[in-house]
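Me: I'd like to learn how to read a model like this one. Can we go through a few features together?

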Amino acid sequence: MSYQPPAQVSSEKARVLRLAYDHVVPGRVQGFHELGVDLVMGKREGYRFWDIDGQEYLDFHLNGGVFTLGHRNPELLAVLRQSLESLDIGNHHFPSLARADLAEQLIRLAPGKMQYVVFATGGSEAIDVAIKSARRATGRRKIVSLDIAYHGRTGLSGATGDDATAVFFNSNSPQDFIKVPFEDVDAVERALRHEDVAAVIIETIPATYGFITPSADYLPRIKALCERYDTLYIADEVQTGLGRTGHLWAVSAWGVEPDILVTAKGFSGGLYPIAATVLNARAGAWLAENGWGHVSGFGGAEVGCALAQRVLEICSDPGNLSHALRISDYFAAGFADIQRRHPYLRRVHRLGLVMGLEFDSPRGGVDMMKALYDIGLWAIFAGFKSSILQVKPGFLIDTRYCDEALERFQDAIRVAERQPKRDAIRLVSGGRSTSGSL
Ligand SMILES: Cc1ncc(COP(=O)(O)O)c(C=O)c1O
């Protein structure tokens with residue numbers, strides 16, 4: 001494999017690309033380069049960031065929702081700065097005021113009757129905790145997940161969903177991780193019938209599949225099956241939670257009360273890594289039996305806790321939740337207008353700010369990503385359904401920002417619709433491409 005930074009970039013950018021290729025993640029640098037993207041983030045502020053060579057981007061990727069409250073949100077920065085005045089990471093062996101308060105708030109705001117919170121450094125670790133907890137609570141090993149899902153890249157999370165990367169690392173466990181197609185309730189029942197499945201894990205609206213909204217009865221029927229076969233329901237709300245659907249947690253839109261809920265990404269306010277697994281009494285009973293059953297030196301680091309509390313306050317604020325829905329409707333009207341002139345935009349999948357634009361070409365999402373990138377909007381296609389562009393608008397954007405973005409979508413579609421229709425691609429392992437939820 002050989003890589004040359006593009007000739008037209010500055011020497012500073014070429015240096016970063018070179019170093020990243022040589023020492024950090026060559027396959028990803030090369031993979032993006034082959035898609036026409038050689039991005040190095042520089043300045044960032046609100047819902048915009050700038051490439052280090054100065055090109056401005058409206059951020060419709062938000063790194064999977066990490067920046068749902070914006071880049072370097074001043075209010076959150078102030079909370080973090082204040083925490084740094086008196087706290088540090090803390091010692092996870094001991095109870096802590098910061099963690100106790102955050103746990104109490106999470107339990108109060110979680111759907112259903114939750115009891116415990118395990119803090120983690122990121123989403124993958126938090127999913128691992130969810131799986132371990134379900135196994136311990138049920139005494140069973142098997143985990144059912146969607147074959148188009150992405151739940152992370154650590155051991156257990158990496159073996160769920162599409163496990164091509166787990167296979168790549170010889171870390172898959174097909175005997176324990178059963179994959180079922182999206183919207184196929186019978187397949188879930190066939191898997192649960194043997195009464196040896198610990199949990200069904202579902203990302204409430206699967207990002208890697210382009211945020212196609214599940215039908216009204218899909219998630220409730222899975223929950224009912226879980227109850228019938230004594231299997232736990234794990235809701236992965238890493239991308240869909242924190243108000244993005246107009247509900248604090250997307251599962252609430254279906255009235256589903258999970259046994260375990262996982263939050264990460266945006267929970268950090270984009271400033272300090274923190275994630276959480278929220279457990280009901282049964283799922284978390286092991287915490288009383290084994291105080292050191294899961295240990296994470298940085299999980300729930302105290303400096304991040306007040307920040308996450310403020311994130312929860314902002315994301316559960318009823319005014320902000322209705323604002324998100326108004327913005328969603330504003331986009332819906334804008335996209336409908338574009339669609340009238342450009343049937344290339346086939347379908348808009350949307351629940352609140354969780355959106356996917358489906359195009360009339362197997363690789364339409366990729367072509368749109370590139371066309372938008374060239375004119376200053378960063379959004380990424382769905383890793384396992386390349387006809388769809390994931391659209392993740394910020395939680396606090398205003399209509400002026402929407403107008404600017406809609407204009408760029410309109411301009412980009414004119415370019416993308418002229419591209420030849422090429423075969424779909426899947427961003428999975430194999431060395432060359434990146435994989436994951438993007
Ligand atoms: C739905 C979902 N679950 C879990 C994860 C894993 O989170 P992290 O990257 O913080 O480990 C991701 C990350 O993209 C995700 O999108």
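Me: How far is the sulfur of C315 from the closest cysteine sulfur?

Reply: First, the ground rules: this is a predicted model, where local features need pLDDT of at least 70, side-chain atom pairs count only at pLDDT 80 or more, and totals for chains, interfaces and linings use all residues. Residues are numbered from 1 along each chain as its sequence is written, and side-chain values use heavy atoms, with hydrogens and water left out. Now, a disulfide is a pair of cysteine sulfur atoms within 2.5 Å. The closest sulfur to that of C315 belongs to C305, 16 Å away, so it is too far for a bond.

Me: Is C315 buried or exposed?

Reply: Buried means under 20% relative accessible area and exposed over 50%, with partly exposed in between (1.4 Å probe, protein chains only). C315 has 0% relative accessibility, so it counts as buried. C226 is buried too, at 1%.

Me: What about charge: which side chain of opposite charge is nearest to R135?

Reply: Lys and Arg count as positive, Asp and Glu as negative, while His and the chain ends are not counted. A salt bridge needs a side-chain nitrogen of Lys or Arg within 4 Å of a carboxyl oxygen of Asp or Glu. For R135 the nearest is D176, 4.0 Å away, yet this buried arginine has no salt bridge. R135 is found in helix α6 (residues 123–138); helices (H or I, at least four residues) and strands (E, at least two) are DSSP runs, numbered from the N terminus. Contact means heavy atoms within 4.5 Å. Leaving aside neighbours within four places in sequence, the contacts of R135 include L156, D176 and F177.

Me: Now sheets. What is the order of the strands in the open sheet of four?

Reply: Strands of a sheet pair through backbone hydrogen bonds, either parallel or antiparallel. Here, two strands pair if DSSP finds at least two bridges between them. The order is β11-β12-β15-β14, with antiparallel pairing.

Me: Which residue in β15 stands opposite A382?

Reply: K385. Two bridges join β14 to β15 (residues 385–391).
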